[in-house]
Amino acid sequence: IAIFMITGINVYSAENFEQTDNYFKIPDWTLEMIFEISEDEEDYKKLAAPEEISIYARQVDGNILLESGRWGYSAVLQEGYEKMYENAIAQKCNYVIIPKTSIKEDDPLTNYGFEVLHENEKYVLYKIDFEEKNEVKK
């Protein structure tokens, strides 16, 4: 009530919240992606993803390692898929999630050895098999 009195704006409006029906109380589209990684047979799971997904990943599955910090996911994504591939290999990320709005038709990440594991209305989940590519050893 004090916030409303000072700003004149009700911050507790429907546009600031998303209704969820799952136990974790996180957006369903995010949970879809995380479950796909969790259900995969890989023992080693390291994810590079936008912040709106990565902040929930370990809440759902503590076995998923997250790439963060110096890699600069957003900056690398803007530089192109070749840079994304190089950084995924260097950081040993075998899962990458990219917003559909950032996908370039002329140069898909699949050209660099990634396969599409899952996609929904907002994101595409890619996976690379390092052993198959002999690029990185665990």
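Asn120 lies in the loop between strands E4 and E5. In this predicted model, Asn120 has a relative accessible area of 6% and is therefore buried, since the cut-off for that class is under 20%. A polar atom of the Asn120 side chain lies 3.0 Å from the backbone oxygen of Trp29. When neighbours within four places in sequence are set aside, the contacts of Asn120 are Trp29, Glu32, Met33 and Lys100.

Trp29 belongs to the buried residues of helix H2, which also include Thr30, Leu31, Met33, Ile34 and Ile37. In an α-helix there are 3.6 residues a turn, so residues three or four places apart point the same way. Helix H2 comprises twelve residues, 28-39, and at 1.5 Å a residue it should span 16 Å; the C-alpha atoms at its ends are 16 Å apart, in agreement with that expectation. The cover over the buried residues of H2 includes strands E1, E3, E4 and E5 together with helix H3 (51-60).

The wider architecture may now be described. The protein contains six helices and five strands, and from the N terminus these elements follow the order α-α-β-α-β-α-α-β-β-β-α. The five strands form an open sheet with mixed pairing, in the order E2-E1-E3-E5-E4. Strand E2 (65-66) and strand E4 (115-119) are the edge strands, each of which pairs on one side only. Strands of a sheet pair through backbone hydrogen bonds, either parallel or antiparallel.

Strand E3 (residues 95-99) pairs with both E1 and E5. Strand E1 (residues 46-48) runs parallel to E3 and is joined to it by two bridges, with Leu47 having Tyr95 as its bridge partner in E3. The pairing of E3 with strand E5 (residues 123-127) is antiparallel and extends over five bridges; here the partner of Tyr95 in E5 is Lys127. Strand E3 is mostly covered, as five of its five residues are buried. In a regular strand the side chains alternate between the two faces of the sheet. In E3 both faces are covered: Tyr95, Ile97 and Pro99 are buried on one side, and Val96 and Ile98 are buried on the other.

Strand E1 also pairs with E2, in the parallel sense and through two bridges, and Lys46 stands opposite Leu65 of E2. Lys46 lies in strand E1 and, at 15% relative accessibility, counts as buried. A polar atom of the Lys46 side chain is placed 3.0 Å from the backbone oxygen of Gln91. Beyond its neighbours within four places in sequence, Lys46 is in contact with Leu65, Leu66, Glu67, Gln91, Lys92, Cys93, Asn94 and Tyr95. Ala48 is likewise placed in strand E1, and its relative accessibility of 0% makes it buried. Ala48 and Asn87 are separated by 39 residues in sequence, while their C-alpha atoms are 9.7 Å apart in space.

Aromatic residues were examined next. A search of the whole structure finds five aromatic pairs. In one of these pairs, Tyr85 and Phe114, the ring centres are 6.3 Å apart and the planes stand at 85 degrees; the pair is edge-to-face because planes over 60 degrees apart fall in that class. This pair links distant parts of the chain, since Tyr85 is in helix H5 (residues 81-90) and Phe114 is in the loop between E3 and E4, 29 residues apart. Tyr85 counts as buried at 16% relative accessibility, and Phe114 counts as buried at 3%. Ring pairs link Tyr85, Tyr112, Phe114 and Tyr126 into a cluster.

Values for the whole protein complete the description. Of its 138 residues, 40% count as buried. Among contacts with a separation of 6 or more, 54% are between residues 24 or more positions apart. The protein exposes about 8700 Å², of which carbon and sulfur atoms supply 47%.

Notes: Residues are numbered from 1 along each chain as its sequence is written. This is a predicted model: local features need pLDDT of at least 70, side-chain atom pairs count only at pLDDT 80 or more; totals for chains, interfaces and linings use all residues. Side-chain values use heavy atoms; hydrogens and water are left out. Helices (H or I, at least four residues) and strands (E, at least two) are DSSP runs, numbered from the N terminus. Buried means under 20% relative accessible area, exposed over 50%, partly exposed in between (1.4 Å probe, protein chains only). Contact means heavy atoms within 4.5 Å. Accessible areas come from the Shrake-Rupley method with a 1.4 Å probe; for residues, only the protein chains shown count as cover. Two strands pair if DSSP finds at least two bridges between them. A polar contact is a pair of N or O atoms within 3.5 Å; within protein, one must be able to donate a hydrogen and the other to accept it, and residues adjacent in sequence count only if both atoms are side-chain atoms. Rings of Phe, Tyr and Trp (its six-membered ring) pair if their centres lie within 6.5 Å; planes under 30 degrees apart count as stacked, over 60 as edge-to-face and the rest as tilted. The expected span of a helix is 1.5 Å times one less than its number of residues.
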